[in-house]
Structures are given as C-alpha cells and as structure tokens.
Amino acid sequence: MVRKTSDAAVHSGSWQWSRTATTQRKLLDAAAAVFSELGFTDAGISDIVTRAGSSVGSLYHHFGGKTEIFLALWDDYQNEHERLVAAAVAKARKSGENDPLTLFNVGSRTYFDYTWKHRALERVFFEGDAPPGFELLRRERGREWVRQNSVLLRTAEDTLGRLTVAVITDIITVAGHEVALSATKKEADDVVDAAAVLVARLVR
C-alpha cells in the first residue's frame, strides 16, 4: 500500500527547506562581511553569528565551524561565477554567436563584472589568510577551470594547446585579482581590456 503524503506535510517540508536555505544564506552573507573586514584568522564565530542575527549552534549545525563556512563561502562564490558565465555564454550562442574567442570574452567580462561587485570577498580568497587545505581546493578548481576554457576555446589537445589554455586561465585569474585591487571601475575596466588583448594574442 502506497502511503499518501498530505498537502500539509508537503507544504511543511517546503517551508522547512526554505527556512533552512534562508538561514544558510544569512550565515554565508555574514561570513563574507566578517572575513572581508577581519580576515579568516582574526574572525570569530561570534562575529559571524552576531552579524547574521543567528546563534553559534545554528552555524555549527549548518556548516560545522569557521573553516567549513569559509570553504562553503568559497564554493558558493565560485558556483555563482560559473552560473553567471555559463548563462552569458549561452545567451550569446542563442543570439547566433559561435566564435570561440568572442564567446570566451563574453564569459570573461561576466566573470570580471561579478569579481568587481564582490571585490572585497575576492581579496579574502587570494591574499593568503585562509584555513589549511584551501590552497589544494583552489588548485583543483583551477584545473577544472582550465578544462572548461579548453572546451570553450576549442584548443588543440596537444601539449601546445594545453599550455596555451593554462596560460590564458592564469591571465584571467591574475586579472581578476587586479580587478579586485582596483581603486575605481575605470581602473578595473582597463585591466579587463588588457586581459582581452593578451588572450587574443595567444588564441589568434
């Protein structure tokens, strides 16, 4: 006999999931603000939960501790970057664009726009004040980014092609750091334009 789930139970489950997601989002946003202001080492759990209007128990329940919420924040930040870039590239393709370099530039500019908007958080992730194991995760993510760029740019699968994509990915990474350090949007835009010139020299 199949047990039917009542409408009330379904709605209750949806509400519970929504409440959990909202709590996690508040904690992540608070962690972003605190880490940006104090750095990872000097930030305390109490700083984060106070900013979030939450409790220490809630943070430990949802994330496990300060290191875990830092890593969750990194993952959230990278996932949003990837989502926005993928959406921008898909939109360009839908409009009829199929040139690999043009599509790459569309994705890169979307990446840089998000980096500029969240430049304080970007600085947290590259300035070195991070928990143990973070560098390994960052390198693993970097390798996946190289793979994605290789597909987008349609580079050859030989040694030269792999090195070219690796260098291009490094250019975008360093340019992203420079964008985050820029004092004005004009300075950031100059960095973005320079990165596009360098990438074009390598691809064409």
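Tutor: Axes are lines fitted to C-alpha atoms, for helices over the stretch in contact, and angles run from 0 to 180 degrees between N-to-C directions. Two packed helices are described by the angle between their axes and the distance between the axes. The model is predicted, with local features needing pLDDT of at least 70 and side-chain atom pairs counting only at pLDDT 80 or more, while totals for chains, interfaces and linings use all residues. Residues are numbered from 1 along each chain as its sequence is written, and side-chain values use heavy atoms, leaving out hydrogens and water.

Student: At what angle do helix α5 and helix α7 pack?

Tutor: Helix α5 (residues 100–117) and helix α7 (residues 134–153) pack at about 140 degrees, and their axes are 8 Å apart. That makes α5 oblique to α7, given that under 35 degrees is roughly parallel, over 145 roughly antiparallel, 65 to 115 roughly perpendicular and the rest oblique. Helices here are DSSP runs of H or I with at least four residues, numbered from the N terminus.

Student: Which residues in α5 and α7 meet?

Tutor: Pro100, Leu101, Leu103, Phe104 and Tyr111 in α5 meet Trp145, Asn149, Leu152 and Leu153 in α7, where contact means heavy atoms within 4.5 Å.

Student: Is Ile168 buried or exposed?

Tutor: Buried means under 20% relative accessible area, exposed over 50%, and partly exposed in between, with a 1.4 Å probe and protein chains only. Ile168, placed in helix α8 (residues 159–181), counts as buried because its relative accessibility is 0%. Beyond its neighbours within four places in sequence, Ile168 contacts Phe104, Leu153, Val199, Leu202 and Val203. Val203, in helix α9 (residues 185–203), is partly exposed because its relative accessible area is 30%.

Technical notes: Helices (H or I, at least four residues) and strands (E, at least two) are DSSP runs, numbered from the N terminus.
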